[in-house]
Amino acid sequence: LFLVASGGWPILLIGLLGLTAGLCYSAGPRPLSATPLGEAMVVLFFGLAAVGGTYLLQAGALAASAIVVGLMQGAFAAAVLHLNNTRDAEGDRAAGRRTLAILLGPSRSLLLYDLLLAVPFVLAGVLAVAMSDLRPWLTLLALPEASLLALALQRASLAADYNRLLGRTVNLQVLFTALLALSLL
């Protein structure tokens, strides 16, 4: 209520949409988590809505740079979800789920994971060019870990391998975000 009082109806709308999306994601006869829409929902709500809403609340207006950073964060969050769904594809298929990892199959799922890891680095370049500032390139210090993750996923075969990669993917997001925050100070 405090945030809505501070930010007005846009914050209320973001909150209500987030609650609705959370319910639709995991509840009901056809939850979105069992469909190919999971990754898109994560980009939208864990990236764009979270970062954009936070920026809007603090600045009073939305900026293009907040949308770009939201897409960066959403891509990492979607990579985590996609990796989880890739690990669980066989069991999910048997349970009647139709996640993106199931629809894409193993080799294209690896490519999507790689793409989701690459997007934040590309967008950091876009941000640097748009700002006429080289500092966002500092995020490239996290690129070797992203490359190692992509290679490690190609060799993963056991659930334990995927579980380690899940943790490393989250750690990559933390490292990238810390470097981005440092570059924007």
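## Contact between α2 and α3

In this predicted model, P10, I11, I14, L17, G18, A21 and Y25 of helix α2 meet G38, M41, F45, A49, G53, L56 and L57 of helix α3, contact being counted for heavy atoms within 4.5 Å. The residues of this contact comprise eleven nonpolar, three polar and no charged, where Ala, Val, Leu, Ile, Met, Phe, Trp, Tyr, Cys and Pro count as nonpolar, Asp, Glu, Lys and Arg as charged, and the others, Gly among them, as polar.

Helices are DSSP runs of H or I with at least four residues, numbered from the N terminus, and axes are lines fitted to C-alpha atoms over the stretch in contact, with angles running from 0 to 180 degrees between N-to-C directions.

## Contact between α6 and α8

Helices α6 and α8 pack at an angle of about 0 degrees, with their axes 12 Å apart, which means that α6 is roughly parallel to α8. Y113, L117, P120, F121, A124, L127 and M131 in α6 meet L165, T169, L172, F176, L180 and L184 in α8, and the residues of this contact divide into twelve nonpolar, one polar and no charged.

The largest pocket holds about 340 Å³ of space (a pocket is an open set of points on a 1 Å grid where a 1.4 Å probe fits, with protein on both sides within 12 Å along at least five of seven lines, and lining residues have an atom within 4 Å of a point). Among its 18 lining residues, T86, A89, E90, P106 and Y162 are the closest to the centre. Helix α6 supplies the largest share of this lining, six residues, and the lining divides into ten nonpolar, five polar and three charged residues.

The second largest pocket holds about 220 Å³, and of its 14 lining residues I14, L48, A49, G53 and L62 are the closest to the centre. Helices α2, α3 and α4 each give two or more residues to this lining, α3 giving the most with seven, and by class the lining has twelve nonpolar, two polar and no charged residues.

## Basis of the values

Residues are numbered from 1 along each chain as its sequence is written, and side-chain values use heavy atoms, with hydrogens and water left out. Local features need pLDDT of at least 70 and side-chain atom pairs count only at pLDDT 80 or more, whereas totals for chains, interfaces and linings use all residues.

Terms used. Grid points are joined across faces, edges and corners, and a volume is the space filled by probe spheres set on the points. Angles under 35 degrees count as roughly parallel, over 145 as roughly antiparallel, 65 to 115 as roughly perpendicular and the rest as oblique.
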